Amino acid sequence: MTSQVIEGGAPSRGRAFLASFIKNILPAVPLLLIVGFFFLFPIGRLIYVSFMSNENTFTFDNFKTAVQEPYRTGFINSIKIGLFSAAIAAFPGALAAYFIETRGSSKLRRTIAVMSGVLANTGGVPLAFMFYAALGIQGYLTKFLKSLGWDLYSGTFSLGSFIGLLIVYLYFQLPLMVIVFSPAIVSLRREWSEAARNLGASQFNYWIRIGFPLLFPSFIASFLLLFASGFSAYATANALTVGNLPLTPLQIGGLLDGNVSAAQLNLGKALGVVMIVISACAVIPYLAIQRRSARWQKG
Amino acid sequence: MTIQKQPDSIDIGPLVVAQLTPPGSKPLSSPYQVINWNDIPNAAKDPSGLWYGNYGGKLAIVYNTTLPSVPTKATDFAKPEYKGFVGITGDPTSSNQAFMSVLAASIGNGGEKNLSDVTKGLALFKSVKAQAPLVKVNGTNLATGTAKLGFMWDFNALGIIPAAKAAGLDLKFVYPSDFVLQAPPYINAINIKSPNCANARLWQEFVYSQNKGKTAKELTAADLKLPGSKLFALMQGGQNYFQQSGADPIMSAAMTKKNLLVPSLLDFKVPSTAKIVGPATIADVLTAREQIISSWASL
């Protein structure tokens, strides 16, 4: 940037600043405003209020309560369901994305892209209802399996249990993985594998030394996105459970609009802040990997 | 016209009373006493008019007629033949109806002497849950047969039964044959930040009016052109709407004396063998709440 300004004929510092401002900052102003108003300000406000007592005095009590039972179990369950649903969906989703992008016809690719888009955004009460209709105690699939001699509900299975919720979440996690991982597959150029083969690399060598390292940061990024979506899903879990499977988003919902719990709005906000911290912690390893791989990914 | 940021009046579960009038700081509602103020029992109102009960209900057992036997009392919930179909309307730490269901289970399971102690109710749900996770007993799940048995407000029968019938299912409501819980009433209050407090007061006058009069359906176009006060005298009072729909209007005792009560549309009655317990006081339910909050999540 600076070299261009100098070419312009040694302008004053002020003009240089103005030029760089117009060129670099001004186009970003709308984005910065949106980020400021819809992201930074609400988070700042949330953090501020989470340190307030009901009498508007400073306190750590909300956070002390937030790490005790039953909220602690809520966090553990939420992290567990986020990790498990992401881990189970990530590998098959990545494999599917690979085969669709490399082997599929363009028609198939387009169809899958549209379908994944729809399925990944299927959530909330409709999703819960679909699963009741299929896998509920009266569901069609349940009845079919029972006719084959497998009674799903002979034990303690239920869609409102941890395993049940995990199955339901996979329904949107798998297509989400296909969507977010496909661009990484597309960016793997055929020339690289051809070049590697010309230099004598086996298929196995190519994947170990080139393919996987290139895909790894995107894989982790996709995994974290899946974790976040499972970690924070609200409406589906709310439709399927009655509070026996504590999950942080549901607990926050109960504190904010419940008819029973009293005067604990700020506790709900403290739980929200802890959720943000957990999500942030999940992003840090990604940044480290990203920086490392960015070094040789350039060009 | 500006967008209202706050509601004028609120209609909310009794457990929130403590939140409306926090000890040592300013109440969140503004005092008002309706014309028929003296007809509200003293236990169900704040002496200065910061809040007042408007209607209560009794907990009935809702069940699907395809169950292998007819449930008659709370302890039946734990019968193995109902496994997988028994549940609760929501999370009792945030839903008032679910909260009162735990209380109703408690009095049916030997806890009828002490309404502030719901350990017996928690124990009953725990033994149900030991067989299979609790299902969510709501309109959708009842109408699909996913949920077949649980407690519900008696006044929900008029909405739930026809909806299930339309879906081809036969639901029935009965009161427990041993102990029936008369729950503390839902309360009304005027928001202290009410954008239009005169509007709020007028609404309260309607909610607490006692006329037999014409229902909303029966009013003619000519009636609607009458001056407000004449129209008001012609309309069925708010309390009678509660009565009609099967709830217990808070002024029912006074209205019975004045012969102003219209018939209820419910087609089931408290059996002669049963004893009505309650209404539980606010202090009772506040104590019970602590037990539920501390043990429901890990039931």
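Predicted model: local features only at pLDDT ≥ 70, side-chain atom pairs only at ≥ 80, totals over all residues.
I'll begin with chain A. Its secondary structure comes to 14 helices and zero strands. The C-alpha trace of chain A spans about 80 × 65 × 30 Å along its principal axes. What is the radius of gyration of chain A? Chain A has 25 Å, while a compact globule of 299 residues would have a value near 19 Å. Buried residues make up 30% of the 299 residues in chain A. If we take the contacts in chain A between residues at least 6 apart in sequence, 74% of them join residues at least 24 apart.

Now the domains of chain A. The assignment gives domain 1 as 1-50 and domain 2 as 68-297. The C-alpha centres of these two domains of chain A lie 35 Å apart. Their contact takes five residues from domain 1 of chain A and six residues from domain 2 of chain A. On the domain 1 side of that contact in chain A, four residues are nonpolar, one is polar and none is charged.

Next is chain B. Here there are eleven helices and twelve strands. The radius of gyration of chain B is 20 Å, close to the 19 Å that the globule rule gives for 299 residues, so chain B is as compact as a globular protein of that length. Its C-alpha atoms fill a box of roughly 60 × 50 × 40 Å, taken along the principal axes. Of the 299 residues of chain B, 48% count as buried. For contacts in chain B between residues at least 6 apart in sequence, the share that joins residues at least 24 apart is 72%.

The domain assignment of chain B gives domain 1 as 12-56 + 184-257, and domain 2 as 59-181 + 269-277 + 285-295. The C-alpha centres of the two domains of chain B are 28 Å apart. Eight residues from domain 1 of chain B and nine residues from domain 2 of chain B take part in the contact. The side of domain 1 of chain B that touches domain 2 has five nonpolar, three polar and no charged residues.

Let me pick out one sheet in chain B. It is an open sheet of three strands in the order S7-S4-S8, with antiparallel pairing. Why is one side of S7 and of S8 in chain B left without a neighbour in the sheet? Strand S7 (149-153) and strand S8 (171-174) of chain B stand at the edges and each has a single partner strand, so one side of each has no neighbour there. Neighbouring strands of this sheet are turned by 35 degrees against each other on average, direction ignored.

Strand S4 of chain B, residues 59-64, runs antiparallel to S7(B) and is joined to it by five bridges. To give one residue pair, B:Ala60 has B:Met152 as its bridge partner in S7(B). Two helices go with these strands. Helix H2 of chain B, residues 96-108, lies across S4 and S7 of chain B and runs at about 115 degrees to S7(B). Helix H5 of chain B, residues 157-166, lies across S4 and S8 of chain B, at about 160 degrees to S8(B).

H2(B) comes up again where the chains meet. In that interface, 37 residues of chain B are in contact with 25 residues of chain A. Several elements of chain B each supply at least two residues to the side that touches chain A, including H2, helix H4 (139-144) and helix H11 (282-295). The largest share, three residues, comes from H2(B). By class, this side of chain B has 18 nonpolar, 15 polar and four charged residues.

Last, some backbone details. Most residues other than glycine have a negative phi, and most peptide bonds are trans. In chain A, a cis peptide bond joins A:Glu69 and A:Pro70, with omega about 0 degrees. A:Pro70 sits in the loop between helix H4 (61-66) and helix H5 (71-103) of chain A.

In chain B, B:Asn259 has a positive phi of about 55 degrees although it is not a glycine. B:Asn259 lies in the loop between helix H10 (252-257) and strand S12 (275-277) of chain B. Is B:Asn259 buried or exposed? With 7 C-beta neighbours inside 10 Å, B:Asn259 counts as exposed.

Notes. Residues numbered from 1 in each chain as written. Chains lettered and ligands numbered in written order. Pairing = 2+ DSSP bridges. Helix = DSSP H or I, 4+ residues; strand = E, 2+ residues; numbered from the N terminus. Axes fitted to C-alpha atoms, helices over the stretch in contact; angles between N-to-C directions. Contact = placed C-beta atoms within 7 Å. Domains from an automatic or database assignment. Nonpolar A, V, L, I, M, F, W, Y, C, P; charged D, E, K, R; others polar. Rg over C-alpha atoms; globule rule 2.2 N^0.38 Å. Buried ≥ 20, exposed ≤ 12 C-beta atoms within 10 Å, placed from the backbone.
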